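Before you plan work around this fold, please read the notes below with the coordinates open beside you.

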Amino acid sequence: MKRMEKKLIGYIGLGKMGTNMALRLSTRGFSVVAFNRSDVGRAAARKKGLTVVDSLEELIGRLSKPRTLWVMVSSGGVDELLKKLLPLLSKGDTIIDGGNCLYTDTIRRAQMLRKKGIHFLDAGVSGGPSGARKGACVMVGGEKADFNRLRKLFAATAAPGALLHAGRNGSGHFVKMVHNGIEYGMMQALAEGFEVLKRSLFSLDLKKVAALYNRRSVIESRLVGWLESAYGTYGQDLKKISSTVAHTGEGEWTIRAAKKLGVPTKVIKESLNFRIQSAKKPRYAGKVLSALRNQFGGHSIK
């Protein structure tokens, strides 16, 4: 029983990523008790076999001290959640923030929680919903002692060889932020390149070109593989795909951080500007970007 208690964790946030990660942990030696703010999210997670409670109070009551909580909510909801959690927690408890948060906010939260005796780690998670279920790339910030104490938990979320303790609090989210900025630029290059291919006079089969590029070429990558898959699903005209490309904060955060450090980020900046302008200036490249986001992240194609 004592061994089981050490593996009991609380999980908050049951979106696409959160549900899949909670399911992965529940099949890799951890007993997971989960909570989600919406009734719909709780019901959907229960249908998938997760143990889900109806309130934060019930969640905390199910956990043995010292408690470990993994939080997987949007960056805008973290502070509100912490306000609700803190009166329920005790010194020695641990919170892991696995969402996409601005690293400076993470540093501020770590300092605030440290004063209250709460351990805090930030975990950048890459790989989309499929990675959350099958093993993600996980980059962790926080005290080394805390990371070592929870190494088995982090290892359970990660694919083999895909786990890094990046450094002090904020570093995990910082590394993930820059990762997302790089992702913007890589996706933009693919989108522009395939728009050039489509407009050429050669009537190319873009699915076959993507498949070829992803077989031992220099640009072989998961992104090219997802593009091949998108063409197989939606056809090379991508008629059902919106050319308006959604954008979250990470690209802009990377640009701002780089500016403070005196680092030019022309490619990332231009890729963000393209997304911002895509609502008013529809292009095939925008369809490629939306298709890619749908393939790896399950984002809407509309």
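1. Basis of the model. This is a predicted model, in which local features need pLDDT of at least 70 and side-chain atom pairs count only at pLDDT 80 or more, whereas totals for chains, interfaces and linings use all residues. Residues are numbered from 1 along each chain as its sequence is written, and side-chain values use heavy atoms, with hydrogens and water left out. Helices (H or I, at least four residues) and strands (E, at least two) are DSSP runs numbered from the N terminus.

2. The sheet. Eight strands form an open sheet with mixed pairing, in the order E3-E2-E1-E4-E5-E6-E7-E8; two strands pair if DSSP finds at least two bridges between them. At the edges are strand E3 (51-52) and strand E8 (158-167), each of which pairs on one side only. In a regular strand the side chains alternate between the two faces of the sheet.

3. E1 and E2 run parallel and are joined by five bridges, with Gly-10 standing opposite Val-33 in E2. Together, E1, H2 and E2 make a right-handed β-α-β unit, where right-handed means that, with the strands pointing away from the viewer, the path from the first strand over the helix to the second runs clockwise. E2 also pairs with E3 in the parallel sense, over two bridges, and the bridge partner of Val-33 in E3 is Thr-51. The chain crosses from E2 to E3 through helix H3 (residues 39-47), and this β-α-β crossover is right-handed.

4. An antiparallel pair. Strand E6 (residues 119-126) and strand E7 (residues 136-141) run antiparallel and are joined by five bridges. Within this pair, Ser-126 stands opposite Cys-137 in E7. Helix H10 (residues 171-199) packs on the sheet, touching strand E5 (94-97), E6, E7 and E8, and its direction makes about 20 degrees with that of E6.

5. Helix H2 on the sheet. Helix H2 (residues 16-26) lies across strand E1 (8-12), strand E2 (31-35), strand E4 (68-71), E6 and E8, and runs at about 170 degrees to E1. Axes here are lines fitted to C-alpha atoms, for helices over the stretch in contact, and angles run from 0 to 180 degrees between N-to-C directions.

6. H5 against H6. Helix H5 (residues 78-85) and helix H6 (residues 103-115) pack at an angle of about 10 degrees with their axes 12 Å apart, and they are therefore roughly parallel to each other; angles under 35 degrees count as roughly parallel, over 145 as roughly antiparallel, 65 to 115 as roughly perpendicular and the rest as oblique. The contact (heavy atoms within 4.5 Å) is made by Val-78, Asp-79 and Leu-82 of H5 and Arg-108, Arg-109, Met-112 and Leu-113 of H6.

7. H10 against H13. H10 and helix H13 (residues 249-260) pack at an angle of about 105 degrees, their axes 8 Å apart, and are therefore roughly perpendicular to each other. Residues that meet there include Phe-174, Met-177 and Tyr-184 in H10 and Trp-253 and Ala-257 in H13.

8. Thr-68 has its place in strand E4 and is buried, with a relative accessible area of 11%; beyond residues up to four places away in sequence, Thr-68 touches Ile-9, Gly-10, Leu-63, Thr-94, Ile-96, Leu-150 and Leu-153. Leu-88, in the loop between H5 and E5, counts as partly exposed at 24% relative accessibility.

9. Backbone points to check. Most residues other than glycine have a negative phi, and most peptide bonds are trans. A cis peptide bond joins Lys-65 and Pro-66, with omega about -5 degrees, and Pro-66 is found in the loop between helix H4 (56-62) and E4. Ser-203, which is not a glycine, has a positive phi of about 50 degrees and is exposed, with a relative accessible area of 72%. Arg-216 has a positive phi near 75 degrees and is exposed, with a relative accessible area of 76%.

Conventions:
Buried means under 20% relative accessible area, exposed over 50%, partly exposed in between (1.4 Å probe, protein chains only).
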